[in-house]
Amino acid sequence: MSTTHKLPSISVVICCYNSASRLTETLQHLQAQQVSPDLVWELIVIDNASTDDTAGVANEVWAANPVAPLRVVPEPTPGLSHARAKGAAEARHDIIALVDDDNWTPPNWLNTVAAIFRGEPYVGVVGGPTVEVCEVEPPEWFHTFKGNYAVYALNSQGGVVEQAVCGAGLCFRREAWEVLLAEGYSGILTDRKGKELSSGGDFETCAALHLAGWKIWYDPDLLIEHFIPAGRLDWDYLCRLNSGFGKQSIYLDAYHAVLPKFGQGE
């Protein structure tokens, strides 16, 4: 496990499926990062079987302010977990930071991530809370179910937690992930797949790394804004989300069986 005092380098991975309409704002927030001069980072956009101009938008927006190297990498196999695995395989740096195509990172996000990993050599996973930014006024029921929309906070002032962190902004050590793979680990969930609202890949990643002996760190300063378009703020979409949660829960029961006190709170 790493004990270096040098800031770890970061590969930011954005997994995209038909993200052309959402990607610009996300990229502009990354371009506005206030990065320490000794922090090396790159951006990898995974084009996960998109049928729109996701790749073109990524290249055009980034070319206007290329603050770090960009690679747009195709992943033809549908599924968010496949896309994230592709991003991890393509990553060239110490830390893999997952940013969704509708996530807006605060200006000091990369610096904070790097500092935590440098200061906590036994931490394998780092994450923080999210807050909603709704395109339209959300319905009354939204605040009851906002956790289903990857809007959450853990009951922690910051530090090591016995819980999974959300996939929006989930960061992990590349060396930890590669050791898992070398030992035969293979995730069982596809997560989001086209229009299928399956989920659970973030919990599975956290649980697997936790079982491998790595600590999980939560930091409120890593607050990400999660943009939620109007089309997702209706009852039918919520029902589809809940159906996806139900389908994945039977697979995650295996992790709960061996980690009975490990959860994902709001």
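Modeller: This is a predicted model. Take contacts between residues at least 6 apart in sequence: 84% of them join residues at least 24 apart.

Biologist: How many helices and strands are in the chain?

Modeller: Eight helices and 11 strands.

Biologist: And what share of the residues counts as buried?

Modeller: 52% of the 266 residues. The chain exposes about 12000 Å², and carbon and sulfur atoms supply 52% of that area.

Biologist: Switching to strand β6. Is it buried or exposed?

Modeller: Buried. β6 covers residues 123-127, and five of the five are buried, so the strand is largely enclosed by the rest of the structure.

Biologist: Which strands pair with β6?

Modeller: β10, residues 215-218, runs parallel to β6 and is joined to it by four bridges. β9, residues 171-173, pairs with β6 in the antiparallel sense, over two bridges.

Biologist: Now helices. How do α1 and α2 pack?

Modeller: α1 is residues 23-31 and α2 is residues 54-63. Their angle is about 30°, with the axes 10 Å apart. The crossing of α1 past α2 is right-handed.

Biologist: Which residues meet there?

Modeller: From α1, Leu 23, Thr 24, Leu 27, Gln 28, Leu 30 and Gln 31. From α2, Thr 54, Val 57, Ala 58, Val 61 and Trp 62.

Biologist: How many of those are nonpolar, polar or charged?

Modeller: The contact of α1 with α2 has seven nonpolar residues, four polar and no charged ones.

How values were computed: Residues numbered from 1 in each chain as written. Predicted model: local features only at pLDDT ≥ 70, side-chain atom pairs only at ≥ 80, totals over all residues. Heavy atoms only, no water. Buried < 20%, exposed > 50% of the residue type's maximum accessible area, 1.4 Å probe, protein only. Pairing = 2+ DSSP bridges. Contact = heavy atoms within 4.5 Å. Areas by Shrake-Rupley, 256 points an atom, 1.4 Å probe, with all protein chains shown as cover. Axes fitted to C-alpha atoms, helices over the stretch in contact; angles between N-to-C directions. Left-handed = near helix turned anticlockwise from the far one by under 90°. Nonpolar A, V, L, I, M, F, W, Y, C, P; charged D, E, K, R; others polar.
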